[in-house]
Amino acid sequence: MAWATACASRRRNSEPLKPTARGPLSLRSWPRSLTFRVIAFSTVWAILTLVVIFTLITTLYRQASERGFDSLLSAHLFNLIGSIGISDTGALTGAPDLGDLRFSEPNSGWYWSVEPASEGVHGDLHSSSMTGKIPSPSVAEVPFNASFQRSYPAEGIDGEQLEVFESEFVLDAKNRAARFRVMGNQSELEQEISTFQRRLLTYLSLFGVGMIAINAIAILLGLQPLRRVRNALAMVREGTAQRLDGRFPAEIEPLANETNALIENNKRIVERSRTQVGNLAHSLKTPLAVLLNEGRALGGAKGQLIAEQAASMQKQVDHYLQRARVAAQRDSVVYRTPVTPLVQRMVRVLQKLNPQTSLSLSLPATEIVFAGEREDLEELLGNLLENAMKWAKSAVSVTVAPSAGKDDNLFEISIDDDGPGIPEDKARDALKRGRRLDETKPGTGLGLAIVADLVNEYGGVLALERSGLGGLKAVVRLRSLQ
């Protein structure tokens with residue numbers, strides 16, 4: 001039989017069972033985690049900061065290296081000019097020593113050369129490292145500046161990139177001039193810059209990882225009081241504590257104080273509701289008893305009518321007082337009822353009252369705690385057991401177990417009998433108040449309806465199915481505490 005709607009009169013705004021999340025955060029809850037958001041934001045900010053620092057340092061280092069490189073070439077050029085002369089015959093003379101061994105290493109990428117730039121000058125001087133020709137662009141392509149100097153890139157003998165500093169200089173009073181060139185290895189400079197960038201990237205990465213780790217640890221430690229608040233609230237919800245105890249940081253202490261005030265207010269509301277329920281029950285008890293007695297004393301059709309109506313009023317008053325009491329404490333966070341001892345006690349009582357019926361009991365290995373009051377669970381279980389014992393032929397089975405679904409905060413109570421059962425099309429009628437499917441058995445028709453109302457008030461589910469024993473199987477699913 002499919003799940004029957006135990007709450008035929010269930011209100012639209014009643015709350016379904018919902019799990020209370022505890023323990024580590026799931027992947028789906030990470031984006032909503034305050035810890036995740038703070039760590040993610042600080043991590044992104046740290047990465048952006050390190051990227052900016054890396055870009056800034058490498059840019060400044062490149063600019064400084066290029067300026068130093070240009071200054072070195074310019075100094076070598078002036079040294080070269082000062083070291084070269086011209087003979088009376090117009091031959092270029094001189095043995096420049098620029099103080100750098102790279103100018104003597106073949107194809108090192110560091111070269112100098114002196115060439116005639118006017119008539120009457122002959123000869124060609126160059127460094128020992130220069131084993132080939134290095135072309136230069138025309139003056140039209142790269143003109144000289146006001147100081148008769150120019151610089152341009154060129155390709156070296158071995159394919160390396162060169163930076164060339166060139167100048168034309170008059171050597172004597174006869175206006176005989178020569179062209180001086182000093183060439184530096186630009187590829188070597190780029191390699192040094194790349195090496196610096198890699199080292200800087202390594203150091204900044206290590207620093208960034210350490211900074212992010214330390215930042216994450218600091219954030220986790222800083223948010224630890226929130227975990228303490230959550231654990232304290234869980235203890236209140238489970239009934240092991242009455243309020244949030246402990247010292248909290250100044251930022252969280254107002255929240256803890258407001259929560260404690262809310263808990264105290266909730267307890268006052270529950271106590272006030274109970275008091276009002278008791279007062280109402282006491283005030284109605286005597287008038288209803290008088291009506292019942294008067295109806296019976298009057299006798300006849302009118303007396304019987306009065307007595308029946310007074311009895312009906314008594315049932316309705318009891319029913320709605322019960323619902324008011326359950327509703328008053330439904331959202332309380334301090335009620336807990338161990339299920340196993342209560343079920344064992346009720347099964348023993350009913351077994352003594354019905355010795356002709358075999359009553360078996362199956363309990364879970366771990367303790368289950370009902371998130372509600374003991375009296376409500378007793379009434380719920382008592383009505384189901386009495387109904388099963390009344391209709392069973394010879395056997396009734398009671399099973400208590402955690403819910404088989406994904407929700408760890410639910411448990412089930414199943415009661416099977418080998419009686420006639422309830423047809424599927426009449427299951428809904430069996431839950432209606434005062435409706436009796438079989439008038440041959442004694443009863444008021446309120447048992448299953450009371451169970452349905454109690455289950456509804458606790459946000460649970462009542463199912464009526466076909467039992468494996470052949471009769472009715474009533475399954476109640478309620479919230480448990482862990």
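Arg181 is buried, with a relative accessible area of 2%; buried means under 20%, exposed over 50% and partly exposed in between, using a 1.4 Å probe and protein chains only. Its side chain meets that of Glu115 in a salt bridge (3.6 Å, N to O), a term for a side-chain nitrogen of Lys or Arg within 4 Å of a carboxyl oxygen of Asp or Glu. Glu115 sits in strand E3 and Arg181 in strand E7, so this pair ties together parts 66 residues apart in sequence. Glu115 itself is partly exposed, at 23% relative accessibility.

A word on the model: it is predicted, so local features need pLDDT of at least 70 and side-chain atom pairs count only at pLDDT 80 or more, while totals for chains, interfaces and linings use all residues. Residues are numbered from 1 along each chain as its sequence is written, and side-chain values use heavy atoms, leaving out hydrogens and water.

Five strands form an open, antiparallel sheet in the order E4-E3-E7-E6-E5; strands (E, at least two residues) and helices (H or I, at least four) are DSSP runs numbered from the N terminus, and two strands pair if DSSP finds at least two bridges between them. Strand E4 (125–126) and strand E5 (149–155) are the edges, each pairing on one side only. Strand E3 (residues 111–116) and strand E7 (residues 177–185) are joined by six bridges, and Trp112 has Val182 in E7 as its bridge partner.

| Pair | N to O distance |
|---|---|
| Glu66 and Arg62 | 3.5 Å |
| Glu115 and Arg181 | 3.6 Å |
| Arg150 and Glu166 | 3.1 Å |

By this rule the count comes to 14 salt bridges. Arg150 lies in strand E5 and Glu166 in strand E6, so their pair ties together parts 16 residues apart in sequence.

Glu66 and Arg62 belong to helix H1, four residues apart, which means a separation of about one helical turn. Glu66 is partly exposed at 29% relative accessibility, and Arg62 is partly exposed at 26%.

Helix H1 (residues 34–83) also contains Val44, which is partly exposed with a relative accessible area of 48%.

For the chain as a whole, the secondary structure comes to nine helices and 14 strands, and 39% of the 482 residues are buried.
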